[in-house]
Amino acid sequence: MKPRITVAALALAALIAAGCGSSSSSSSSGGSTKSASTGSSSSKNCTASIGIEAPITGQVAVLGDEQLAFAKMAVANDNKANGTNITLVQGDTQLTPSLATTVTQQFISNPKILAVVGPAGSQEVEAVGPLFARAGMAFVSGSATKTTLTDGANPTFFRVVSRDSVQGPEDANFVINHLHPKALMIIDDQEAYSTGLVGVMIPIFQKAGIRVDHESVSQKVTDFSSLVAKITPQMTVAVLPWQVAANAEQFGKNLQEQHKNVTIVGTDGLYSPSSFTIPGSYVSSFGPDITAIPADASLVAQAKAAFPKFGTFGPPVYAATHVIDEAIAQACKSGTPTRSSVLAAIRATDEPSSILGQPIKFDSHGDLVGAKWFLFHINSQGKYQLVTNS
Amino acid sequence: MRLFIQELVNGLTQGSVYALIALGYSMVYGILKLLNFAHGDLYMVGAFVGYFVIQWFGGANHLAVPVPVLLLVMFLLAGGGVGALGVVIERFAYRPLRNAPRIAPLITALGVSFFLENTALLFFGGSYRIYNTSSFISFSTGIHIGVLNVDIVRIMVIVLSVALMIALQLIVHRTRLGRQMRAVAADREAAEMLGIDVDFTIAATFFLGSALAGISGVMAGLVYNSVWNYMGFTAGLYAFTAAVVGGIGSISGAVLGGLLIGLAQSFITGYVSSLYTDLIVFGILIAVMLVRPSGLLGRVQLQKV
Amino acid sequence: MALDPPQPSLAEQPGPSIGVDEWVARQATRREYPPGLRGELQRRLERVGWWPRLAIAAALGALIPQLGLTQFQLQIGINALILATLAVGLNVAVGWAGLLDLGYIAFYGFGAYGFALLSSNQLDQPHGIHLPAYASIPAIMVAAAILGLLVGLPSRRLIGDYLAIVTLFFGEAFATFVNVVAPSKLGGANGIFAIDPIRGFGSAITSNQGYFYLMLILLVATIAVLHLLDTSRTGRAWRAVREDPLAASMMTVPVNRVKLMAFAFGAMVAAMTGTVFAAQQTSVFPTDFDTSFLILIYAALILGGAGSIAGAVLGGLLVEIVLDGVLRSPTQAGYVFYGLILLTMVVRLRPWRRLAGVLAAIVAFGFAVHAIVSAISASAVAGGPQSSGWIHSALKDWVVVPLNHAGNIPAGYGNVGFAVLICLLIALTRLRDWWRTALLVPTVYLAACVWESRLIVEPSITRLILLGAILIVVMNARPQGLLGARRVEIV
């Protein structure tokens, strides 16, 4: 038995060594969206790979799952429309910046990958921005909203969503002007996205003379009865800038259970017509309700088949992937696409329409020109109604 | 006053769920001295089983059977199914390591935990599954006297936990199987020499412990509505904490530990601030451990030479 | 005197003699080496001596960046060295002193955050504190040692798992602390970024290669220091405390002090590693130091063999390289998957004829099933194997991968297949002889089908499932870890 184990161990080591040795040359992915057996794409001359960095496993796998599904959809649709042969390579970051660094280096070391979708979290962008800049590779995020990301530290960074500096004050002012609370509870979920928004909103509330109770729960917590019990009759508004819609739904249920009359005001993470339907709530989002955009009807049908309970994190990733697909197709026209030609093509993106219901064009900082901010109200049937957008 | 009572109820509910998970954990721990990291994931499997039972009967909004039948089927299937899963895991992952140093099954348990969590992710995706309990058990059923607003689901959770704890105490102290369990926990070799079927006893312990985890998973789903594949991770950690703080191998200790954690969390969130809840709870638990080094109800370990 | 029995000379057989304990003296001869090549190799290796062996390993390690590796592979190397160093540090408390230290990750985080605070603009705005590395790192290590002593203080009153839970509280408390307390000073959930690289004496380390060499030097230095400790009185005291604290205290071993030292040394190693981590990443976040990373360190240590430095290093390197380096790429994950199946069959099936027969049967079975299914329904085999490269072309007409109407591979097929596969594997362990060999054929075929249709489509999830399976199988096969020694624990 023992000599066999030695033989086996040596063989395994040789296997791994062989695998590692071949990694620098051929780490193409099996996670392709082609479902036909031997690759039935029409034109073989525009072959490229795109990486996607998302929290595919980990505490917020629900978000990464959605983003991945939409990215796969985008690549499949664009391959069919443009006759390209683009494959998607997954990179699981678990929303952790150190893993994002590892995955980014993996993508940079893979010469086939020309651009990257993601990462999802603002802190991840901060960690990997310099790496992408050094490699001259573009990366487009569908959910990183921290304001300072486009201040110059990340020259190859683009985003298809608006920034916290727009969303935070807009939400806060809406609450002050339309809901007139005397006191409110604002709860962050201990992620950078949430604490950033909370940090922007609290001073605005305090300046308007509203008493603010700042609470904090981790995303793993699913019961909020203790927090809800603390809500006094004067607190008529609860601001929840969370990432997980299901938690907000539970918060609303706890409110109903304890007969508290509180209006929930949430941000992007709560936007999920199938997961968060507490009547009377307001949800602001950096992405539109694609079910309400007539031009997106076929996409919505496709999305419902792939990921029935999608919210707000999927469509912007679809848009980001689409931007990269188009840039690659554009770069292919003048020969073999390279990272720099794709970067240039992304900078020059000028899509008159998109899944987001608006044209896509980037300014010199990498922000989306005319990025809109949407506010929805949930009516008594649990349906989302657009209140305002700007 | 209203806040106090509400927090008390919240704490008891939360604590009861922790206590149930800790019960199963403590049983296995007492008999095998095994830190079963996969226990929280059994809880998750139970919660998923309950969810699929609801879907099988038509979904939360269109139930085809009366609610008591639904609940009965959920508890039985979750308890039995997860119990069986626990026995299978014990047979294939832990039995070969029964005589190995304690640290080896720790890693096997971790492996089982990774396996279960990510298999669930593979099968069911990352989306949260929602029980939507309020659709078939409305909030108006329950106790609503004056300032007290207690939903019937919470009452059921607390009552069921107490009932299960009493049942478990009876099993362990009054039945032959319980005697065998205590014997194996005290000295496995001696028990074997006395003719006790150790394999069967350990398998039975795993069955009971895992069934409890499964049932607590269903209860958590009913009260907290959200079910997703990583929910077992934190639950397992709390179960371990409650079991140790209450005293290793002591069933009532595990329950006490669970209730203590639940109540502490509840009251600190209510009266201080949720920002510092975790830190203060840790502080309290450290203080408890320093004051009572063998846990709240644990027996002082005799050091054998 | 002439009538005395002849005394054996010391050279032939160390027998009773004044001043020498015979049992101790015979220790070297009591060692049994495994027969054949392995024993010969082990004997020669041991004759080389510990320090030359360390030097050889260090030299081999230093050669690695010269092989023309990509940045990613160097990053994996750095991560592997970091994990190995952490495992070596954890080995002091867990492997040598027998204390379950579940708060180890807090020391790592403490080192990282300490370095971050002392080498960035975070404190004392706007310019911040920017100490050079040779000043900040030793200071952080000393502070970590003190923290380790504090965390170890409960060990005076608590033993075993009770101590473990208190250390767990400290570990969890640290992550929560840096997330919630004083966000403007400690960064909160946003973390601290723009941290200086390791700077000192005019130069700075900024490239992956530089950090690789730095970590290698630190790992070798740590191993050297810990080896000196291990072979000293302290090491023997740790081993005594691990086996039987009561007996050790009877033999005048200062048990409490020894336990505190274990915590302190582990803390120092972890903090040192943390500083390099912070410098290389140039940013730290609370999520980098949560319990899931602690689990990885434990897995690395115990897989490699708790109680042995070489085991800790091997475990750390192996876990990181396999998990992040190999399994992240679907092609290589496929190699590992198929490779492990083939390896298991090679090891367990004997004689060679049987192995050849089974392999042939599997291939034939596959072709037969594929032919039958494709005759029944074309869409049932329309999807091809989702691997790429030569595996794809090899398995094209062998595996059954269906396509549904929309042109996608139905996830249900793969999921059900996976569940059935687990049941078959469980059944396999219960059967004997011919039945087992017969069942092996469809099981391997089903494994290949499930891999090609479902598992490889979700490489990120499969990575962790494979990790779980590998941990279970390796610990069952070798409970003492790869390089550990078999111990009998007296409970």
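The following legends describe several close-up views of a predicted model.

**View 1. Chain A as a whole.** The secondary structure of chain A consists of 11 helices and 14 strands. Of the 390 residues in chain A, 61% are buried. Where contacts in chain A join residues at least 6 apart in sequence, 71% of them link residues at least 24 apart. The average pLDDT of chain A is 83, and 88% of the residues score at least 70. Two stretches of chain A call for caution in reading the view. Residues 1-8 of chain A keep a pLDDT under 50, and the model gives them eight contacts beyond four places in sequence. Residues 18-43 of chain A also stay under 50, with 58 contacts beyond four places in sequence.

**View 2. The two domains of chain A.** Domain 1 of chain A covers 43-162 + 294-361, and domain 2 covers 164-285. Taken over C-alpha atoms, the centres of these two domains of chain A are separated by 30 Å. Contacts between them involve 15 residues of domain 1 and 18 residues of domain 2. On the side of domain 1 of chain A that touches domain 2, H2 and helix H4 (122-135) of chain A each supply at least two residues. The residues on that side of domain 1 comprise four nonpolar, nine polar and two charged.

**View 3. The interface between chain A and chain B.** Here 28 residues of chain A are in contact with 29 residues of chain B. At least two residues of the side of chain A that touches chain B come from each of helix H2 (61-82), strand S7 (211-216), helix H7 (225-229) and helix H8 (245-257) of chain A. H8(A) provides the largest share, seven residues. By type, the residues on this side of chain A are six nonpolar, 13 polar and nine charged.

**View 4. The nonpolar core around Ala115(A).** The largest nonpolar core holds 381 residues, and those touching the most other members are Ile50(A), Ala115(A), Ile346(A), Leu23(B), Ala262(C) and Ile297(C). Neighbours within four places in sequence aside, the contacts of Ala115(A) include Ile50(A) and Ile346(A). Ala115(A) is also in contact with Met137(A), Ala138(A), Phe139(A), Ile324(A), Ala327(A) and Val342(A). In soluble globular proteins, nonpolar side chains tend to be buried together.

**View 5. Helix H1 of chain B.** Helix H1 of chain B runs over residues 2-32 and contains 31 residues. From its first C-alpha to its last, H1(B) reaches 44 Å, close to the 45 Å expected at 1.5 Å a residue. H1(B) is mostly covered, with 26 of its 31 residues buried.

**View 6. The surroundings of Leu106(B).** Leu106(B) belongs to helix H4 (residues 103-124) of chain B. Leu106(B) counts as buried because it has 21 C-beta neighbours inside 10 Å, and the cut-off for a buried residue is 20 or more. Residues up to four places away in sequence not counted, Leu106(B) touches Leu35(B) and Ile302(C). Although Leu106(B) and Phe37(B) are 69 residues apart along the chain, their C-alpha atoms are separated by 7.2 Å.

**View 7. The two domains of chain C.** The domain assignment divides chain C into domain 1 (46-326) and domain 2 (332-453). The C-alpha centres of these two domains of chain C lie 43 Å apart.

Methods. Residues are numbered from 1 along each chain as its sequence is written. Chains are lettered from A and ligands numbered from 1 in the order in which they are written. This is a predicted model: local features need pLDDT of at least 70, side-chain atom pairs count only at pLDDT 80 or more; totals for chains, interfaces and linings use all residues. Two residues are in contact if their C-beta atoms, placed from the backbone, lie within 7 Å. Helices (H or I, at least four residues) and strands (E, at least two) are DSSP runs, numbered from the N terminus. Ala, Val, Leu, Ile, Met, Phe, Trp, Tyr, Cys and Pro count as nonpolar, Asp, Glu, Lys and Arg as charged, and the others, Gly among them, as polar. Domain bounds come from an automatic or database domain assignment. pLDDT is the predictor's confidence in each residue, from 0 to 100. The expected span of a helix is 1.5 Å times one less than its number of residues. A residue is buried if 20 or more other C-beta atoms lie within 10 Å of its own, exposed if 12 or fewer, and partly exposed in between; C-beta atoms are placed from the backbone. A nonpolar core is a set of buried Ala, Val, Leu, Ile, Met, Phe, Trp, Tyr and Cys residues joined through C-beta atoms within 7 Å.
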